[in-house]
Amino acid sequence: MDSQVLVDEAIEALQSKIDDTAIIACSGGIDSSVAAVLAHRAVGSLLHCVYVDTGFMRKGETDEVRKMFEDMGITLQVVDASDRFFSNLEGVMDPEEKRKVIGEQFIRVFEEEQEKCGAKFLVQGTIAPDWIESGGGQRDVIKSHHNVGGLPEDVDLVIVEPLREFYKDEVRQIARQLGIKSSERQPFPGPGLAVRVLGQLTRSRVEACREACHIVETRLREASENGLCDLPWQYFAALLPVRSVGVHGDTRVHGETVVVRAVTSLDGMSARYSEIPHDVLTLISTEITNSLKGQVNRVVYDITHKPPGTIEWE
Ligand code: XMP
């Protein structure tokens, strides 16, 4: 369908649903940004955009998001809730449990913001794969995406999901139509780096993952700009709680493992691992082990398609 028609219909639908103050969590990702811009166009200053700094965002991301909204003329309130997320996730190792805790904390932060602005509606950027993979209809639960699975039953807000029927490629199309800068950004999971740090979520392990993700992103963008490979659909690093023996000079070290993941996909429902030139992988590996000396001494590349794997490791 024509992008302008999709936009007009979505705005009309939002106007018919929202008749009071609304709140939306903006992560800067494509889904929540599109939902926010549509809702802002539909109801203007009735919408309160809140960015929750969970502590699981990518390097420099908070400032970039702040700037993106500023450039679009939309007021964004930044709430630093990282202490609260880390303390509630202490000792939580199970991926589903992590998503649940993160989802609940998100809603709690929102409830506080809601009380401040008196919002009656919660706009969410849920897209079709989020709820299909969270056990819609007859399907098995593969992963409960935090924006679905973590929602407590006692939440006192009317949920509005303008992108519920759309797949990622359609959302990108709408983003381009709306002139959203993040429209070409790669997808990033709602729970952020929390699902890329397997095992304990400590500040230091999350920081290591953040640095490794930054290296993978920088080097792969550079390689694609230099014509060495196509830019994958999604590309990142995950930190594994797998220790192996390594050497630094004359010293034996017992460090953790970083796995590099890069995939091609259309909508995230299935994916193929990307064929990255070995020279580029070598550069990534060297830079990660140099930057994270003592903490990470092994880098591996994931050659699993989806299915049978998933894109993220949790
Ligand atoms: P998987 O790992 O399930 O990921 O193959 C498919 C796409 O969804 C993203 N993803 C998430 N997005 N909340 C989200 O909003 C989540 O909990 C979540 N888990 C995975 C993933 O990055 C990929 O683009």
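Q: Is Glu-211 buried or exposed?
A: This model is predicted. Buried means under 20% relative accessible area. Glu-211 has a relative accessible area of 17%, so this residue is buried.

Q: Which residue forms a salt bridge with Glu-211?
A: Look for a side-chain nitrogen of Lys or Arg within 4 Å of a carboxyl oxygen of Asp or Glu. Here the partner is Lys-59, and the closest N and O atoms are 2.9 Å apart. Lys-59 is partly exposed, at a relative accessible area of 40%.

Q: Why does the pair of Arg-203 and Asp-83 tie together parts that are apart in sequence?
A: Check the element that holds each partner. Arg-203 lies in helix 9 and Asp-83 in helix 4 (residues 82-88), so their pair ties together parts 120 residues apart in sequence. The closest N and O atoms of this salt bridge are 2.7 Å apart. Arg-203 counts as partly exposed, at 44% relative accessibility. Asp-83 has a relative accessible area of 57%; exposed means over 50%, so Asp-83 is exposed.

Q: Which residue forms a salt bridge with Glu-287?
A: Arg-219 does, with the closest N and O atoms 2.6 Å apart. This pair also links distant parts of the chain. Glu-287 belongs to helix 10 (residues 278-291) and Arg-219 to helix 9, 68 residues apart. Glu-287 is partly exposed, with a relative accessible area of 25%.

Q: Which residues do salt bridges that share partners join into one network?
A: Follow the shared partners. They join Arg-58, Glu-61, Glu-217 and Arg-221.

Q: How many salt bridges does a search of the whole structure find?
A: The search finds 21.

Q: Which helix gives the most to the lining of the largest pocket?
A: Compare what each element supplies. Helix 9 gives the most, with 6 residues. Helix 3 (61-71) and helix 9 (203-225) each supply at least two.

Q: Which domains does the lining of the largest pocket draw on?
A: Domain 1 (3-186) and domain 2 (196-301) each provide at least three residues.

Q: What is the lining of the largest pocket made of, by class?
A: Sort the residues into nonpolar, polar and charged. The counts are 2 nonpolar, 3 polar and 8 charged.

Technical notes. Residues numbered from 1 in each chain as written. Predicted model: local features only at pLDDT ≥ 70, side-chain atom pairs only at ≥ 80, totals over all residues. Heavy atoms only, no water. Helix = DSSP H or I, 4+ residues; strand = E, 2+ residues; numbered from the N terminus. Nonpolar A, V, L, I, M, F, W, Y, C, P; charged D, E, K, R; others polar. Domains from an automatic or database assignment. Buried < 20%, exposed > 50% of the residue type's maximum accessible area, 1.4 Å probe, protein only.
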